[in-house]
Amino acid sequence: MLSEDLIKQCQKRIKPYDCEGFVYGKGPQHPVVMFVGEAPGETEINNGIPFSGRAGQHFNQYLGYLGLSRTDIYITSAVRSRPYKWEKRRGKEPRKYNRTPNQKEIAAHAPILDAEIKWSNPPIIVPMGRIAYWRLLGNSPRMDEVTGVPIETAVRFLDDWEKNTYSFTAKTYTILPIYHPAAVLYRRSLETDIYEHLDELKKLLF
């Protein structure tokens, strides 16, 4: 689905930044829903499977709750390489840790997500977390203000990589933001909210 030329172009653009590897989005051409995350982590870079680390375990539980499998959905992210930083933690050797991608890194891979949306034409898009929400809609509200509330809206496609500018699509999509699955790893109290938001997604699916 993605041309090798497009992938090479995006990889070239992200090369100056501290990012590594590349993970393809996965799913059928006509998914029932598209999930958009932030970026792959260490596990995903090593095995090439989106959402296969600790957060992925929760994501799989969400799919089970929704009565879906990975063959039903398209799963991708704002950035397809792993943004990392070097840290030395007490008593340990320096190593790479995941970090939040910056706007230039997001723009570098923006044409990939644009192409995936055009190709799969999902009836529902679920941005998971703040980065995915910003990538698609261009603003960064508090997530607790927007999660679980479906909206009909255009989404942003990249206009100019060097200027980091986007424009909105003529087509509108049903968007239902939820918390990123990793959020529950740090705030177990969010789990109840997340399943309430999944109930809202169920209404749209069925």
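## Surface and overall form

The protein chain exposes about 10,200 Å², of which carbon and sulfur atoms supply 48%; accessible areas come from the Shrake-Rupley method with a 1.4 Å probe, and for residues only the protein chains shown count as cover. The structure is a predicted model, in which local features need pLDDT of at least 70, side-chain atom pairs count only at pLDDT 80 or more, and totals for chains, interfaces and linings use all residues. Residues are numbered from 1 along each chain as its sequence is written, and side-chain values use heavy atoms, with hydrogens and water left out.

The C-alpha trace of the protein chain spans about 45 × 40 × 30 Å along its principal axes. Of the 206 residues, 50% count as buried, where buried means under 20% relative accessible area, exposed over 50%, and partly exposed in between (1.4 Å probe, protein chains only).

## Contacts and charges

Among contacts between residues at least 6 apart in sequence, 70% join residues at least 24 apart. Contact here means heavy atoms within 4.5 Å.

The protein chain carries 29 positive and 24 negative charges, and their mean positions are 5 Å apart. Lys and Arg count as positive and Asp and Glu as negative, while His and the chain ends are not counted. Each charge is placed at NZ of Lys, CZ of Arg, CG of Asp or CD of Glu.

## Strands and their pairing

The protein chain has eight helices and 10 strands; helices (H or I, at least four residues) and strands (E, at least two) are DSSP runs, numbered from the N terminus. Two strands pair if DSSP finds at least two bridges between them. An open sheet of three strands has the order 1-4-5, with antiparallel pairing. Strand 1 (19-20) and strand 5 (95-98) stand at its edges with a single partner strand each, so one side of each is left without a neighbour in the sheet. Strand 1 pairs with strand 4 (residues 82-87) over two bridges, and Cys-19 has Pro-83 of strand 4 as its bridge partner.

Strand 2 (residues 33-37) is mostly covered, with five of its five residues buried. Val-33, Phe-35 and Gly-37 point one way from strand 2, and Met-34 and Val-36 the other way. Strand 2 runs parallel to strand 3 (residues 73-77), to which five bridges join it; one of the partner pairs is Val-36 with Thr-76. Strand 2 also pairs in the parallel sense with strand 6 (residues 124-127) over three bridges, and Phe-35 is the bridge partner of Val-126.

## Loop residues

Most residues other than glycine have a negative phi. Asn-121, however, has a positive phi of about 45 degrees. Asn-121 lies in the loop between helix 4 (103-120) and strand 6 and is partly exposed, with a relative accessible area of 40%. Asn-164 likewise has a positive phi, near 55 degrees, and is placed in the loop between strand 8 (156-160) and strand 9 (165-168).

Ile-178 is in the loop between strand 10 (173-175) and helix 7 (183-186) and is buried, with a relative accessible area of 1%. Leaving aside neighbours within four places in sequence, Ile-178 is in contact with residues including Val-126, Met-143, Thr-147 and His-197. The C-alpha atoms of Ile-178 and Pro-150, 28 residues apart along the chain, are separated by 9.9 Å.
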